Amino acid sequence: MEDFFERNKCLVEALKKEGLIKSRAVEQAFLNIPRHLFVPEELIDEAYVDSPLPIGSGQTISAPHMVAIMLELLELKRGQKVLEVGAGSGWNACLMAEIVGSSGKVYSIERIPEIAHFARKNVEKLGMKNVFIVVGDGTLGYPEEMPYDRIIVTAASPKIPKPLLDQLKGGGILILPLGDRYCQKLIKLKKDRKPKISEHGYCFFVPLIGKFGFTS
Ligand code: SAM
């Protein structure tokens with residue numbers, strides 16, 4: 001266990017040195033939500049390597065550097081309500097829940113029931129009460145709990161799903177990888193009368209499959 005703690009600290013220091021972890025909030029979340037609790041047992045030794053890892057059904061837990069970039073762009077604050085599309089392992093959902101605190105909430109939608117089950121089991125290990133994993137097509141958002149302060153999509157999107165824009169609060173932030181199946185640009189959108197969109201480099205994610213995503 002101590003070994004994992006050291007490896008996590010080493011990863012966090014490297015991400016800080018690279019300028020990817022910038023804020024105390026993201027640093028603390030990385031330290032408090034250990035990634036080895038979110039990877040399959042047989043890959044536990046690779047948990048603190050800065051790379052995506054398979055989690056079953058052809059899906060992945062994202063690479064730590066990518067998660068750090070997205071979390072910094074999200075500008076999360078305590079008490080906020082967040083929607084994630086693509087729960088995967090549940091790691092990013094728990095990192096966000098740690099930052100928004102017990103007065104905030106994170107709803108994370110996952111399309112594949114087996115993966116949602118894996119995510120729930122991982123969330124339970126930490127006993128987090130403000131993370132809710134929901135099975136469904138996240139391209140439709142989750143209207144039951146709208147509006148959201150922040151929305152993050154963790155799968156490659158051919159366009160910005162309209163339901164997500166509709167469910168985002170005015171002044172809210174949406175982060176998503178926009179592009180085709182093989183190459184995407186990380187997009188940050190700030191909702192305003194005229195949305196402000198900025199680009200934050202290239203990335204590669206598994207596809208977002210659903211009504212407002214890829215068809216298969
Ligand atoms: N955030 C995750 C984590 O912390 O491990 C990593 C997400 S993984 C890169 C992308 C996930 O998006 C996959 O588990 C995939 O099944 C899911 N996905 C793809 N299309 C989806 C959709 N329309 N709705 C919900 N989840 C979707």
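All views show a predicted model.

**View 1. Lys 16 and Glu 13 within helix α1.** A salt bridge links Lys 16 with Glu 13, and the closest N and O atoms of the pair are 3.6 Å apart. Both residues belong to helix α1, where a spacing of 3 residues corresponds to about one turn of the helix. Glu 13 has a relative accessibility of 43% and therefore counts as partly exposed, and Lys 16, at 31%, is likewise partly exposed.

**View 2. Arg 7 and Asp 45, a salt bridge between a helix and a loop.** The side chains of Arg 7 and Asp 45 meet in a salt bridge with an N to O distance of 3.6 Å. Because Arg 7 sits in helix α1 (residues 2–17) while Asp 45 sits in the loop between α2 (24–32) and β1 (53–56), the pair ties together parts of the chain that are 38 residues apart in sequence. Arg 7 is partly exposed at 27% relative accessibility, whereas Asp 45, with a relative accessible area of 55%, is exposed. In total, the structure holds 12 salt bridges.

View 3. Lys 162 forms a salt bridge with Asp 166, and 2.9 Å separates the closest N and O atoms. The two residues lie 4 residues apart in helix α6 (residues 162–166), so that about one helical turn lies between Lys 162 and Asp 166. Asp 166 has a relative accessible area of 43%, which means that this residue is classed as partly exposed.

**View 4. The surroundings of Ser 89.** Ser 89 is located in the loop between β3 (81–85) and α4 (91–100), and, with a relative accessibility of 4%, this residue counts as buried. The side chain of Ser 89 reaches the backbone nitrogen of Trp 91 at a distance of 3.1 Å. When neighbours within four places in sequence are left aside, the residues in contact with Ser 89 are Phe 38, Ile 55, Ile 61, Phe 118, Ala 119 and Asn 122.

Terms used: Residues numbered from 1 in each chain as written. Predicted model: local features only at pLDDT ≥ 70, side-chain atom pairs only at ≥ 80, totals over all residues. Heavy atoms only, no water. Salt bridge = Lys/Arg side-chain N within 4 Å of Asp/Glu carboxyl O. Buried < 20%, exposed > 50% of the residue type's maximum accessible area, 1.4 Å probe, protein only. Polar contact = N/O pair within 3.5 Å; in protein donor to acceptor, adjacent residues only side chain to side chain. Contact = heavy atoms within 4.5 Å.
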